[in-house]
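Here's a quick briefing for anyone meeting this structure for the first time. Have a look at the sequence and the model, then read on.

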Amino acid sequence: LDIFLDSFCNTQTHPEFYNDEFLSKLFVSVHRWMNLTIKVAPFDVEMRQSPFEFVEAPLLTTLSIHSPLKFPVDPDNAESRISVCHKWELPLLQSLNIYQFIPPPFHHAASLKSLHVELGCQAGGDPGWILDINSLGQFLQSFPALANLSMKITDPHSVINPPRAASFTLP
């Protein structure tokens, strides 16, 4: 089953995604999800916990998350590092595609073989995004079986934890 969620994480514009009826209908098929694409709407700062915080998708092999946001919003504020999927159980995940943000370390996908990351590459996007090298390194190190890595990083407004201050090795 292929699932595409548009305008996720925006309770003000799309409250229908946060009612029990929608979620119960969606989650009844979670055990059949094979491909999931989440397109994140402008972040709702009032939302403290995503309805998708804990998900067990035993057959999911491909996950793509698109975000128009600058991450981290505040590198010293844990709430600004909210991630859609960092607590998910995805035992068969083979491919992860991340666009426009750096998630926290992702320790529930030991089988991941392919990772694609694009940062700052949106046409007409906000040029004020921050590249946190340390966060990127921690995220990349969380995939012990990674065989293919593709990254595209374009024009950060600023860099925190620059390369001279941060180093990391991939497994």
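Leucine 59 sits in the loop that runs between strand E2 (35–40) and strand E3 (62–66); strands (E, at least two residues) are DSSP runs, numbered from the N terminus. Bear in mind that this is a predicted model, where local features need pLDDT of at least 70, side-chain atom pairs count only at pLDDT 80 or more, and totals for chains, interfaces and linings use all residues. Residues are numbered from 1 along each chain as its sequence is written, and side-chain values use heavy atoms, with hydrogens and water left out.

**Around leucine 59**
- Leucine 59 is partly exposed, at 38% relative accessible area; that label falls between buried (under 20%) and exposed (over 50%), using a 1.4 Å probe and protein chains only.

**Aromatic pairs**
- There are two aromatic pairs here, counting rings of Phe, Tyr and Trp (its six-membered ring) with centres within 6.5 Å, where planes under 30 degrees apart are stacked, over 60 edge-to-face and the rest tilted.
- Phenylalanine 27 and tryptophan 33 have ring centres 6.2 Å apart and planes at 25 degrees, so they are a stacked pair.
- Phenylalanine 139 and phenylalanine 143 are an edge-to-face pair, because their ring centres are 5.2 Å apart and their planes are at 90 degrees.

**Cover on those rings**
- Phenylalanine 27 is partly exposed, with 24% relative accessible area, while tryptophan 33 is buried at 0%.
- Phenylalanine 139 is buried at 1% relative accessibility, and phenylalanine 143 is buried with a relative accessible area of 1%.

Notes:
Helices (H or I, at least four residues) and strands (E, at least two) are DSSP runs, numbered from the N terminus.
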